[in-house]
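Please keep the sequence and the coordinates at hand while reading.

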Amino acid sequence: MSTEIFTGTVLKAAGGFYEVDVPGHDDSPFLCSLRGVLKKGRKVSTQPVVVGDNVRIRALETSGANAKGDLLSEGHIEEVLPRRTQLGRSRFGKTNQITVSNLDQVAIVMSLRDPDINLHRLDRFLVLAESNELGAVICLNKTDLLKKRELKKEVDAVRKIYEPLGYTVLTASAETDDGIKELRKVLKNKTSAFIGSSGVGKSSLACAVQPGLHLWIGDVMDIGKGRHTTTDVSLHPLKFGGYIVDTPGVKTVALLEVREVVLPQCFPEMRQFEQECRFNNCTHDHEPGCAVREAVEGEKIVASRYESYQKMLADQKAHKPIYEKEGNSK
Ligand code: GDP
Ligand code: ZN
């Protein structure tokens, strides 16, 4: 048996085989099966290895074909390293479980025009990131559609709200490559997912970041609709280091849906005020002595952010998810 051991990242899982990327090894991943010891150790219903896992593999001297027919070096997964994070959900039975581990951040893509930027929607995406304890980068795309002056005005307004909260705000154009270098910098050596409404330019940006990278995230098919919904998550390696998550057939945002969202905790600016509310179960909505509302009145919390909070709170009471299918609205 070969003694060559590598550490890599699981890019894809299908039919009991795993494609594992070993940076610096080769352009193509290893095709791996699981060592028996890994299969036995856990319950059948839980997945011992998921996309995104860091694994130790033993290289074999053979090669085999993956589902696409590419010939890949073979290996055995011997060990799964501890997961930093894991996302996933199972709805409509186990078959629709989509899951990925070790995601670091989401790049929330908003276009400045076509469609116009929508701060309320941006807040919803940020709450999804916060509730999953993921980093979030705001990427304002289609800068080419604005005149210099209006661009500065609009971008400054966004920066003024979101940078003090700790979010990075980038501008980009997939059309002219404006800001793509900076985008590469924030993606480097991290595992990231592009999220955002359809048409904002997620697929175009991915392609600008790395020519030839074609994501399926533009698909608007919703999970649970129709039987042939695919829910396979996969990772695409970036040549400069790092990975982009792809979710064919499902909106990437489906990855981020968690059942219990504690809304005030997902608003960084509220965390510092809420201890001062008169009632310790204050919802910061109508209660007297609410320090959060006082902060809104004193302009220490931005009004549009608080409005987003109120809308999400109302949705939560009505048992609606943080993010719903968009229909025809912007
Ligand atoms: P996705 O649904 O978020 O993946 O969006 P796409 O990448 O499919 O882009 C939606 C549309 O916007 C396409 O017609 C793109 O050509 C266009 N688009 C994407 N990025 C830009 C950009 O930076 N500038 C302009 N003018 N158009 C863009
Ligand atoms: Zn309060």
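Predicted model: local features only at pLDDT ≥ 70, side-chain atom pairs only at ≥ 80, totals over all residues.

- Not counting residues up to four places away in sequence, L263 touches V127, Y309, M312, L313, Q316 and I322.

**Overall make-up**

- The secondary structure of the protein consists of eight helices and 13 strands, and buried residues make up 49% of its 330 residues.
- Among the contacts in the protein with a separation of 6 or more, 65% are between residues 24 or more positions apart.
- The protein exposes about 17,200 Å², of which carbon and sulfur atoms supply 49%.

- On the side-chain level, a polar atom of S203 lies 2.5 Å from an oxygen atom of ligand 1, while an N or O atom in the side chain of N141 is 3.2 Å from a nitrogen atom of the ligand.
- From the backbone, an N or O atom of E175 lies 3.4 Å from an oxygen atom of ligand 1.
- Ligand 1 exposes 580 Å² when taken alone, and the protein buries 71% of that area.

- A107 belongs to strand β8, which covers residues 105–111, and A107 counts as buried because its relative accessibility is 4%, under the 20% limit.
- Leaving aside residues up to four places away in sequence, A107 touches V137, A193, F194 and I195.
- The C-alpha atoms of A107 and F125 are separated by 9.7 Å, with the two residues 18 apart along the chain.
- R58 is located in strand β4, made up of residues 54–65, and with a relative accessible area of 17% R58 is likewise buried.
- The side chain of R58 makes a polar contact, at 3.1 Å, with the side chain of E78.

**Backbone features in loops**

- D114 and P115 are joined by a cis peptide bond with omega of about -5°, and P115 is found in the loop between β8 and α2.
- N102, a residue other than glycine, has a positive phi near 65°; N102 is placed in the loop between β7 (98–101) and β8, and at 2% relative accessibility N102 counts as buried.
- K142 is not a glycine either, yet has a positive phi of about 70°; K142 is found in the loop between β9 (135–141) and α3 (148–162), and at 15% relative accessibility K142 counts as buried.

Key:
Residues numbered from 1 in each chain as written. Chains lettered and ligands numbered in written order. Heavy atoms only, no water. Contact = heavy atoms within 4.5 Å. Polar contact = N/O pair within 3.5 Å; in protein donor to acceptor, adjacent residues only side chain to side chain. Areas by Shrake-Rupley, 256 points an atom, 1.4 Å probe, with all protein chains shown as cover. Helix = DSSP H or I, 4+ residues; strand = E, 2+ residues; numbered from the N terminus. Buried < 20%, exposed > 50% of the residue type's maximum accessible area, 1.4 Å probe, protein only.
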